[in-house]
Amino acid sequence: MSLKYAVLAALLEGEASGYELAKIFDVSVANFWAATPQQLYRELERLAGDGLIRARVVRQERRPDKRMFTLTGTGRQSLAAFTAQPPRPTAIRDELLVKVQAADAGDADAVRAHIEERMAGARGKLARYERVLEHLLAGRSEEEYLRDAERVGPYLTLLRGRLFEEDTLRWGERALAVLAARHGAAAQS
């Protein structure tokens with residue numbers, strides 16, 4: 001999948017400037033698709049050139065003018081066609097897992113530290129996702145949100161991100177316990 005469809009999906013939230021879109025990406029799309037602001041701005045230009053989004057200039061006093069982007073009918077059609085296509089299988093490419101695979105021949109203490117860092121990152125993401133969920137629910141229960149909200153996609157992708165990070169913590173705890181037990185057994189030998 002290209003960044004194209006992630007941008008189109010983010011614009012379902014409504015009109016946004018490039019800066020606002022980067023913030024939307026950071027809190028809603030980043031749990032499943034990463035992009036730098038530079039990549040995002042380049043993609044916005046391509047999408048506007050292809051007629052999938054429309055850009056309008058908003059004049060500002062004491063600040064540079066900003067461009068606001070919205071989906072066009074063609075962009076919505078493209079996004080709809082994309083949703084009908086089967087997704088590619090998920091491919092995991094995780095450098096930490098290569099280090100864990102080599103832990104027996106490498107620096108086991110460093111590998112444990114890397115796992116602990118990954119777990120700390122997962123805890124941070126979970127805290128951020130909880131804040132996003134509170135904002136998304138806006139005082140409603142999850143059941144009320146699911147019943148009444150105009151769109152359910154943001155909730156479902158947030159749920160997947162939360163479950164992924166929770167699983168990272170469970171795996172990290174287990175991996176650390178296994179490595180500690182192996183290290184303890186090796187020290188006694």
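This is a predicted model: local features need pLDDT of at least 70, side-chain atom pairs count only at pLDDT 80 or more; totals for chains, interfaces and linings use all residues.
When I say that two residues are in contact, I mean that they have heavy atoms within 4.5 Å of each other.

Ser-78 lies in helix H4, which covers residues 73-84, and if we leave aside its neighbours within four places in sequence, Ser-78 is in contact with Lys-4, Tyr-5, Leu-8 and Leu-52. Is this serine buried or exposed? Its relative accessible area is 14%, and since the cut-off for buried is under 20%, Ser-78 counts as buried.

Next, a pair of helices. Two packed helices are described by the angle between their axes and by the distance between those axes. For helix H2, residues 18-29, and helix H3, residues 37-49, the axes come within 10 Å and cross at roughly 120°. The crossing of H2 past H3 is right-handed. On the H2 side, the contact is made by Gly-18, Tyr-19, Leu-21, Ala-22 and Phe-25, while H3 contributes Leu-40, Tyr-41 and Leu-44. Sorted by class, the residues of this contact comprise seven that are nonpolar and one that is polar, with no charged residues.

Now to the strands, where E3, residues 66-71, has two partners to discuss. Strand E1, residues 16-17, pairs with E3 in the antiparallel sense over two bridges, and within that pairing Ser-17 has Met-68 of E3 as its bridge partner. Strand E2, residues 53-58, also runs antiparallel to E3, and the two are joined by six bridges. Here it is Arg-56 that stands opposite Met-68 in E3, so that Met-68 is the E3 residue named in both pairings.

Finally, I would like to point out two backbone angles. Most residues other than glycine have a negative phi. Which phi does Arg-62 have, although it is not a glycine? Its phi is positive, at about 65°, and Arg-62 is found in the loop between E2 and E3, where it is exposed, with a relative accessible area of 86%. Ala-138, likewise not a glycine, has a positive phi of about 50°. This alanine is found in the loop between helix H6, 108-137, and helix H7, 142-148, and with a relative accessible area of 58% Ala-138 is exposed.

Definitions and conventions
Residues are numbered from 1 along each chain as its sequence is written. Side-chain values use heavy atoms; hydrogens and water are left out. Axes are lines fitted to C-alpha atoms, for helices over the stretch in contact, and angles run from 0 to 180 degrees between N-to-C directions. Helices (H or I, at least four residues) and strands (E, at least two) are DSSP runs, numbered from the N terminus. A crossing is left-handed if the near helix is turned anticlockwise from the far one by less than a right angle, and right-handed if clockwise. Ala, Val, Leu, Ile, Met, Phe, Trp, Tyr, Cys and Pro count as nonpolar, Asp, Glu, Lys and Arg as charged, and the others, Gly among them, as polar. Two strands pair if DSSP finds at least two bridges between them. Buried means under 20% relative accessible area, exposed over 50%, partly exposed in between (1.4 Å probe, protein chains only).
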